[in-house]
Structures are given as C-alpha cells and as structure tokens.
Amino acid sequence: MNEITFVKGQGQVPKSLPGEDHYSGLVAYIADADLPSGYETTDRVKSYSKLESAETDGIVSTSEKWLVKALHYHISEFFRINPNGILYVGIFTPESGETPTYDYAEVKTLQNAAEGKLRQIAVYNPVVDVDAGEITALQAVATTLESEYKPCILVFGANVDAISGLAALAATGQANVCVVIAQDTEGVAATLYEAVGAVGSVTCVGLALGAISLASVHESISWILKFPSGIDKPGMADGSVVSELDESVLEGLDTKRFLFLRKHVGIAGSYWNDSHTMDLATSDYAYIESVRTIDKACRGIRTYLLPYVSGPLYVDPVSGKMRQDVVTFLEVTAGKALESMAKAGEFSGYKVTVDPNQNVLSTSEVEFVIQQVGVGVMRKLKVKIGYTTQIS
C-alpha cells in the first residue's frame, strides 16, 4: 500500500552543554597550497560541533596531504571523546626555512576569532621538536592572553625522535602549557606514523584536548573511572610501545611532567598518566585542573564585577572609609561566580573579603582578597592490609 514512512536518525544533532568550559581550539600548520577546500588564505578559522562539518570543509581522512589527514585524525579523536564539544580549528601558514622558528601568535589569532571563549587550545606542529624554546614561546602567548582576560590551557603536540632524548623542560611559570607525547600504535595513528616520512610524530593532542574539554574544571584527566582513552595499545610519539618500556622509563617521563597513556593492571584500556602542566611540581598550578579552576573563577568574578567599573563608590561621611553596605554588596557580587562553582563541586569553599578601611577616595581602587579551597585529587592510595586474630 502507498504510505509515508519515517526513519529516526541518531547522533546528528549534538547536545548543547551548559557554560563554555568545553569550548576548545586546534591550531595546525599547513601550506597555503594544501589548504582544505573550505579554507582560504583570508578565511583560516572555522568552528565545528561535529566531525562531519569539518569533513564538509575538506578535512578528510582520504586527503592526499599527510597533514590534512593528521588534522582529520585529531579532530575525530576530539569528538570521539567529547561528542558535545565545540571546536574552533585554525589552519595557518607554516614558517619557512630548514629550522623554522615559531612564536605561536596564531594561538592568539584563533582565540580572538572565538571572542576569547576558548578554554583549551591544542597546537599541533609535527615539524618542530619538543624543546624548551617551543614551550617558552607557547607560554609567552598564553601569558599575553591571560593579561587580556582570555586565559587558556595550551596542549602541545610536536615531533619526538626518541623519548630517551627528552630533557626535563618544566620551569617556573609554564603553567599554561602541557606537552603530549602519547601516540596510538594501532589504527589510523599507526598508519599515519608509518607514512610520515620526514614530517614528524602523530601524537594524541586531539584525544587530550577532548578529555580536557570533557572534564569539569576541577577534574584530572587521569581519573580512571571517567576518562578512559579508548586506545588499547598506547605508545609514545617516537613509535615505541608503552608495554615494552621499563617502568623506570615511564616514571622518568612522568617526573619530567610529560603527558602519555599508560596501562593499569586489573583494568582494560589505557589512561593518562596524570594532568601535568610544564610548571614546577611545587607550584600551585602544576596541574591542568588547578589552572582551569582558577581561570574559570577569574573569568566569572570579572563578569560580575565589570558592570560596576567606573561606577560611584560611597563612603561614610564621618570616617571617609567605605560604607558597610557597599562592602557587603561588593563581596556578594564578587562571590556570585564562586558560589556557582562551589555548588557545582568545582572547589571546596571560598571567602571574599573587602577591607572597609581602604582609602578609596584617594586611590579610586578597591582591593579584594579572595580565598579558595580547591578539590583534591587522589593520585596515590595507600592501603594497609594484613591478618589479625581479631577485628579491633
């Protein structure tokens, strides 16, 4: 009989996540002559909510260009881990020369194109080696963005000839940069690496970016329960296989604060070794979640206080100091974003204090003191077990 039938599809309309913690970016360097069909030299940045949109713009796995195929792989890994993420992709002209030097100003270009919304940006540049100069350049851009109220974490993926040659690159103040040396030894990544020639490592920057965007700001991407990688045979960016490496080698790379995937006895799959930034281990911002949490707090506090900049500030006519009702109003206003974060479990508690004795008539400046108690991460568990004659 003649009839109309309906076929209900699945997965074509991504869910919209609240807030902007999942807004992410990916910077890649591809020669102008090799740009995907949807990109032009005057139109280098696109935003995507699903892989298919990137493929429509010519970023496909069947491209004849290795870097385009690698870019497709990283985008697909991002959306595999976080199907509801928002991803801005910027494709820029690589630097020329036998030993090209990058200042990574393109990161700022991408962040500005996204109107400062990006919370984490992956930078994939396989033609340069992981070294101190690259990390310093990336941190310089991140520091500039922070001064412009657009803070973000930078996830760096570059070439690694041999993990044995990786130096200890962590340094004071490099809290906005993390370095991914993980690489899948099977599937698409393995095929890409076999065909790489002189281009460089594949890495897992798309996977790492997806995990960070999926995590609440206080969560470590090494949380086993929530962030399995989906990679069965993890390796390193030099082609080595993790299961074939001595534990002391992995410990050494972890101490140097690189990000890689590892196995755990008793559970299938692979997981991030930790959530290191390239700051020193003793820093308050030694981990991605510490940086993301305080960045979110700063963004939120600024949003609530900004409307009152250059507004009137009333003082007590007798003492000349700030009126108590004004102090209370400012403390409550600055605390609104923190209250929301505390309710979401993104830190354990907070306190906002404004000293009423500030000489605001002379300085036109109000100083806030904000204390936050973070959320801990159970990195190590120590279990004491043994036999006893009776339970005490």
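## Strand β3 and its partners

Strand β2 (residues 45–48) is joined to strand β3 by 4 bridges, and the two run antiparallel; strands pair if DSSP finds at least two bridges between them. Tyr48 has Leu87 as its bridge partner in β3. Strand β1 (residues 23–29) runs parallel to β3, with 7 bridges joining them, and Leu26 is partnered with Val89 of β3. Strands (E, at least two residues) and helices (H or I, at least four) are DSSP runs, numbered from the N terminus.

## Basis of the model

The model is predicted: local features need pLDDT of at least 70, side-chain atom pairs count only at pLDDT 80 or more, and totals for chains, interfaces and linings use all residues. Residues are numbered from 1 along each chain as its sequence is written, and side-chain values use heavy atoms, with hydrogens and water left out.

## Burial of β3

Strand β3 (residues 86–92) is mostly covered, with 7 of its 7 residues buried, that is, under 20% relative accessible area (1.4 Å probe, protein chains only). In a regular strand, side chains alternate between the two faces of the sheet. Ile86, Tyr88, Gly90 and Phe92 point one way from β3, and Leu87, Val89 and Ile91 point the other way.

## Packing of α8 and α9

The axes of helix α8 (residues 288–305) and helix α9 (residues 324–343) come within 8 Å and cross at roughly 140 degrees; axes are lines fitted to C-alpha atoms over the stretch in contact, and angles run from 0 to 180 degrees between N-to-C directions.

Residues in contact (heavy atoms within 4.5 Å) include Ala297 and Ile301 in α8 and Leu330 and Ala334 in α9.

Definitions and conventions: Buried < 20%, exposed > 50% of the residue type's maximum accessible area, 1.4 Å probe, protein only.
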